[in-house]
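Reader: I would like to learn how to read the side chains and helices in a model like this one. Where should I start?

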Amino acid sequence: YIHDHTLRLAGLGLTPTEIAEAIELPNELQQALHIHDYYGTVKHNAKAVYQFYFGWYDGNPASLDPLPVTDRATRYVEALGGAQALQQLAISAYDSGDYRWAAELLNHAVFADPANVSAKALLAKTYDQLGYQAESGPWRDEYLTGALELRHGAPEEPLPTGLVRGLLAATPIERFLELIAATVDGPAASGKDLVINIQLTDTDRHFVVVVHNGVMRHRESPPREAANATLRITRPMLIAILTKQVSFRELLTTEALEFEGSLIDMLSLLALLDPPDTTFPIVTP
């Protein structure tokens with residue numbers, strides 16, 4: 001129903017946001033408790049359907065190239081008469097229970113001035129209320145995580161590596177190499193041409209990793225003679241190296257790794273890998 005109704009409304013010219021506001025499950029579906037918004041939501045999923053077919057653009061030219069969020073927030077605050085005037089509007093919205101509008105206003109205030117303590121405190125309270133009202137678990141988590149960050153700051157410690165170690169160990173090696181490719185710093189990789197042979201000694205599989213045009217690609221194939229470097233290593237140890245759990249230099253002196261070729265080129269490849277940051281803020285610049 002969400003799929004077909006979203007496409008119907010899109011065909012009538014509604015944008016993703018408008019569709020999310022307009023779409024509502026029919027009564028017979030609303031009576032089925034197991035499809036309520038406990039995880040996904042009708043609004044969330046309708047927008048996902050729209051994006052699957054049409055992409056992120058909603059058809060309004062003003063959405064093509066909007067200002068960056070901080071710049072936009074600063075200008076909104078100025079247009080509304082300054083931070084104090086904006087916060088008065090937000091307080092009125094909060095007091096009347098219009099939490100979505102309060103969040104919209106205060107989000108601009110915080111991005112325009114992350115040091116605005118009173119705006120952050122009121123936005124945290126607003127997110128509390130939105131979280132308490134959310135039927136969806138993930139939506140509630142997002143609201144309350146935002147409130148926590150506003151009160152105490154973004155996380156200072158990254159997620160423990162052990163949380164993902166088991167997942168990576170169970171991930172097919174092809175998918176793992178695709179994951180690593182998504183961590184390559186494209187601008188830093190521009191102009192580099194590298195070919196690395198990888199032989200997994202515990203599974204007897206051979207891959208060739210190529211860095212070209214700022215991207216990393218891999219192919220399962222016999223080693224290339226003109227490669228910059230060749231590694232003979234076990235799958236778990238390769239994962240540990242590419243996720244920077246162990247030092248490549250330290251492994252060179254052990255039996256865990258057989259290496260041939262240019263050490264400089266190999267280190268150059270590893271230097272391009274930019275692992276995800278799990279401490280980034282979500283409600284402040």
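Reader: Take Phe52: is Phe52 buried or exposed?

Author: Relative accessible area decides: under 20% is buried, over 50% exposed, and partly exposed in between (1.4 Å probe, protein chains only). Phe52 is exposed, because its relative accessible area is 66%. Tyr53, at 42%, is partly exposed. This is a predicted model, in which local features need pLDDT of at least 70 and side-chain atom pairs count only at pLDDT 80 or more, while totals for chains, interfaces and linings use all residues. Residues are numbered from 1 along each chain as its sequence is written, and side-chain values use heavy atoms, with hydrogens and water left out.

Reader: How many aromatic pairs are there?

Author: Rings of Phe, Tyr and Trp (its six-membered ring) pair if their centres lie within 6.5 Å; planes under 30 degrees apart are stacked, over 60 edge-to-face, and the rest tilted. That rule gives seven aromatic pairs. In one of them, Phe52 and Tyr53 sit edge-to-face, with 5.0 Å centre to centre and 85° between the planes.

Reader: Why is the pair of Trp56 and Tyr57 edge-to-face?

Author: Their planes stand at 65°, so the pair of Trp56 and Tyr57 is edge-to-face, with ring centres 5.8 Å apart. Trp56 counts as exposed at 54% relative accessibility, and Tyr57 as partly exposed at 26%. Ring pairs also join Tyr50, Phe52, Tyr53 and Phe54 into a cluster.

Reader: Which residues have the most contacts inside the largest nonpolar core?

Author: A nonpolar core is a set of buried Ala, Val, Leu, Ile, Met, Phe, Trp, Tyr and Cys residues joined through side-chain atoms within 4.5 Å. The largest has 31 residues, and Phe176, Ile196, Met216 and Leu242 have the most contacts inside it. Among the elements giving two or more residues to this core are helix H11 (173-181), strand E1 (194-200) and helix H15 (263-272). H11 gives the most, five residues.

Reader: What does Leu242 touch?

Author: Contact means heavy atoms within 4.5 Å. Not counting residues up to four places away in sequence, Leu242 touches Phe176, Leu177, Ile180, Leu270 and Leu273. Another core, of 21 residues, lies apart from the largest one and includes Tyr94 and Leu150.

Reader: Which residues of H8 are buried?

Author: An α-helix has 3.6 residues a turn, so residues three or four places apart point the same way. The buried residues of H8 include Ala119, Leu122, Leu123, Thr126 and Leu130. The buried residues of H8 pack against helix H6 (83-95), helix H7 (99-112) and helix H9 (137-152).

How values were computed:
Helices (H or I, at least four residues) and strands (E, at least two) are DSSP runs, numbered from the N terminus.
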